Structures are given as structure tokens and as C-alpha cells.
Amino acid sequence: MRKVANLPGWTARLLLAALLSIVATHASACKGVASPGGSAKPAALASEPNVTFKDLDGNNVALSSMKGKVVLVNFWATWCEPCRGEIPILIGLQQKYSGKGFTLLGAAMDDEGKKVVEPFVKTTQFSVAGQPATMNYPIVLGNDDIASQFGGLLGMPTSFLISRDGKIVKKYMGALNENQIVKDVESQL
Amino acid sequence: MKLRKQLGPFVAASALMLAASLGRPAVLFAQESAAPAPASSVVKASTYVSHDPVPRGQEFQVAVVVNILEGYHMNSHKPRESYLIPTTLTPQLPAGFTLADTVYPNGELKKFPFSPDKALDVYTGSVTLRLKLHTEATASIGATSIAATLRYQACNNSACLPPVKLALSIPVQVAAAGTKTKALHPELFSSAGQK
């Protein structure tokens, strides 16, 4: 202990700087990171994203227009296999909860936009509870600027659960766990 | 000196906290396991040239060794599904060079938690892609650089990173026809290294 107390001034400053740097890094890393289930509270800055998407017909879709509903914004891409894998879960959520004040919003991040997204949405069949189904929820086009309003995306799928008053209440990185998302949606309804 | 004495206990406490926090990354990493790493840290590429110098009129090769972070994969050059983005290596050759062939390694068929019923054709670990090139009689003698673009799209067991176009620059020394040349990196370019 005496040795530490006798450290030269620059060593003390160095240690202090290292400590502050680690604290800052830790605080920053804790913003919007995933918990073991792949979910996390998002960064405070992105708690109420004010974004307007374009749908596949070119119409504006403002997230604020959905206030009053619980919304699950799902960032996905046609080339993303885990995104495709969770679409049956998303279709199931929309089937089960859309009449109860919930909607999904699929934000496609394909660089080619509508050209590849529209045919995929219209023609791709998924098996939901043993029945064939197509995507039954609104699809809009995402981009990096929009994603930055949500705190940015590291990868896809990434989903955000938004409360009835328009605030992000949970962020999910990677493929959704069906039991968890059902529980979380129900907790907001 | 007085300040140093006053700081002493604080520095000692800081040191202890520093030591404690240095032990934290493993825990943090485990908690963040569902979050993908930044795309720039998942794939690293190194380039190698088969000969130095490369005399005019001679064939040579460029190897691009791609190291993929453990826990990640990228689609092979021939993914089984048409919607998946293949790995490609595209050279932008300066005047005096021609491309004879681009050689991609075979991928491996693997199943993932998000695709339990369907095996995907992927690269993992370290893979080597090669450009077979020819130096024409018109190539400028001296140092030059061959540009190439490695395009890939990587995923882990839960999420996918956006597609990336990685710009590569490969320095090549061109010499007059008939100049003595040294074969380099036999582990990459010999027939045994090209298995």
C-alpha cells in the first residue's frame, strides 16, 4: 500500500485517467447493449425516435402516427437468413395481437430497396402453425439515417418494442425468442 | 508532496478498481454475446504475391487470406440460396495486366440455430482466395499496385452484419522480361498449398 501511495504524480494521474476512461467506456458500452436474451434498454438519446419511413408505394409512414399502439419495429433484409427465420414468429404476432392495439412494422434495409423487397413480400410463403402465410404486416423501407434514430444497428435482425406513448421500451439484437417477445408484447398491451 | 500523500489512498483505491475492472471484459462480453461485433472487426484480409519481381510476360498469383472472427461465418462464393450474398474478389487491374482466373475455396455445409433444417454453404476460420494474373509485355516496369475489392456478408449464430466491400491494394514489382525472380509464400502458392 505504501508503495502505491508513493507513486510519482504522473503515475497517479495515469491511473486516474485509466480509471476514468474505463468508467466512461463501460458507461458507453452499457447503452443499448444486449442482455443474454438478446434484449436491452436502448440508449436514452433514441428513446423516442421521430422517424418517417416510406412504404412500398412511396407513401410516408410516420412512427408518430402509430402512437396509441404498441409497435414492434423489426429491421430486416431479404439476404439475412436469421431475419427470414423469424418472419413466421412476426406473422404470428400480427395475427394474434393486431386486433388488440399492436402492430408490427417491418423495415427492410436492402440497398436495392423496393425492387427486391416487394417481390419477396408478395410471393414468399412461410409456414405459420402449419399453415402457409405471407407477410401480413406493414413493410417499409429503412436506411442508415432512420436506423441512427434508433441508436444505430450493428446487425440484423434488430427489433425495437415501442410503447403506446411512442417510447422504445426494449431492443432485441439478433433473432427473436418467441416466448420472450410474446411476454414483452403482452406486458405492453 | 502533500497532494501526493492525499492522493495516495485514492490512487490505491483507483488501482484496485482498475484491477477489478480489468477483470470485467469477460463478463461484459458474455452479457453482450447476442450483439454482433462491428463489421470491421469480423473479417481481416491480408494479401500476398507469388513472385518478386514479376517479369513482363510471366504469370503470377495474388493470394487474399481472409481471417474470420471465431463464432462468425460468411457466405461462400457459391451459397446454396440465390438470395444470399456471395463472397467475391474483383480486381481492378492497371494497364499491362490481365486476369486469367479467380480461384475460390470450397465452402463447408453448416447448420445454424437460425437455420436448423437447412445447411448453408459458408466460409469460417481462415480461407484463401487467389487471383491468377498475367503480366503483359506492355506493363510498366517498376513498382505498381493492383487494386481489388473483396465483397462479403458475415453472420454469427443469431444476426447478420451488413454486406461489406473491402478495398485491397496489392503492391507488385514489375521487371523486364527474363529477369530472375524469386518464388514467395510456397505455403500459399505451391500445389501442396493450394489443396
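# Briefing: chains A and B of a predicted model

In strand β10 of chain A, I168(A) is the bridge partner of I162(A). The structure is a predicted model.

**The hairpin of chain A**

- Strand β9 (residues 158–162) of chain A pairs with β10(A) in the antiparallel sense, over five bridges.
- β9(A) and β10(A) form a hairpin, and five residues lie between the two strands.
- In the turn of this hairpin, G166(A) has a positive phi of about 85 degrees.
- Strand β10 of chain A comprises residues 168–173, and five of its six residues are buried, so this strand is largely enclosed by the rest of the structure.

**The largest nonpolar core**

- The largest nonpolar core holds 77 residues.
- Within this core, the residues that touch the most other members are A107(A) and M156(A).
- Leaving aside residues up to four places away in sequence, M156(A) touches F75(A), W76(A), A77(A), C80(A), C83(A) and M109(A) in chain A, together with A159(B) and C160(B) in chain B.
- In soluble globular proteins, nonpolar side chains tend to be buried together.
- M156(A) is also joined to P157(A) by a cis peptide bond, with omega about 0 degrees.
- P157(A) belongs to the loop between α5 (144–149) and β9 of chain A.

**Helix α3 of chain A**

- Helix α3 of chain A covers residues 81–97, which is 17 residues.
- At 1.5 Å a residue, this helix should span 24 Å, and the 25 Å between its end C-alpha atoms agrees with that expectation.
- The helix has a kink of about 35 degrees at I87(A), shortly before the proline P88(A).
- Of the 17 residues in α3(A), 12 are buried, so the helix is largely enclosed by the rest of the structure.
- The buried residues of α3(A) include E81(A), P82(A), C83(A), R84(A), G85(A) and E86(A).
- I87(A), where the kink lies, is also buried, as are L90(A), I91(A), L93(A), Q94(A) and Y97(A).
- One of these buried residues, C83(A), is among the residues touched by M156(A).

**Overall make-up of chain B**

- Chain B contains four helices and 14 strands.
- Of the 195 residues in chain B, 28% are buried.
- Among contacts in chain B with a separation of 6 or more, 75% join residues 24 or more positions apart.

**Strand pairing in chain B**

- Strands of a sheet pair through backbone hydrogen bonds, either parallel or antiparallel.
- Four strands of chain B form an open sheet in the order β1-β4-β10-β7, with antiparallel pairing.
- β1 (43–49) and β7 (97–103) of chain B stand at the edges with a single partner strand each, so one side of each is left without a neighbour in the sheet.
- On average, neighbouring strands of this sheet are turned by 25 degrees against each other, direction ignored.
- β1(B) pairs with strand β4 (residues 59–68) of chain B in the antiparallel sense over seven bridges; here V66(B) in β4(B) is the bridge partner of A45(B).
- Strand β11 (residues 142–152) of chain B pairs with strand β6 (residues 88–92) of chain B in the antiparallel sense over five bridges, and A148(B) in β11(B) stands opposite P91(B).
- β11(B) also pairs with strand β13 (residues 164–175) of chain B, in the antiparallel sense over 11 bridges.
- Q173(B) in β13(B) is the bridge partner of A143(B).

- Most residues other than glycine have a negative phi, and most peptide bonds are trans.
- In chain B, a cis peptide bond joins D52(B) and P53(B), with omega about -10 degrees.
- P53(B) lies in the loop between β2 (51–52) and β3 (54–55) of chain B.
- A129(A), a residue other than glycine, has a positive phi near 50 degrees.
- A129(A) lies in the loop between β6 (126–128) and β7 (131–133) of chain A, and it is exposed, with 9 other C-beta atoms within 10 Å.
- H185(B) also has a positive phi, near 45 degrees, and is a residue other than glycine.
- The loop between β14 (182–183) and α4 (186–189) of chain B contains H185(B), which is partly exposed, with 15 other C-beta atoms within 10 Å.

Definitions and conventions: Residues are numbered from 1 along each chain as its sequence is written. Chains are lettered from A and ligands numbered from 1 in the order in which they are written. This is a predicted model: local features need pLDDT of at least 70, side-chain atom pairs count only at pLDDT 80 or more; totals for chains, interfaces and linings use all residues. A nonpolar core is a set of buried Ala, Val, Leu, Ile, Met, Phe, Trp, Tyr and Cys residues joined through C-beta atoms within 7 Å. A residue is buried if 20 or more other C-beta atoms lie within 10 Å of its own, exposed if 12 or fewer, and partly exposed in between; C-beta atoms are placed from the backbone. Two residues are in contact if their C-beta atoms, placed from the backbone, lie within 7 Å. The expected span of a helix is 1.5 Å times one less than its number of residues. The bend at a residue is the angle between axes fitted to the seven residues ending there and the seven starting there. Two strands pair if DSSP finds at least two bridges between them. Axes are lines fitted to C-alpha atoms, for helices over the stretch in contact, and angles run from 0 to 180 degrees between N-to-C directions.
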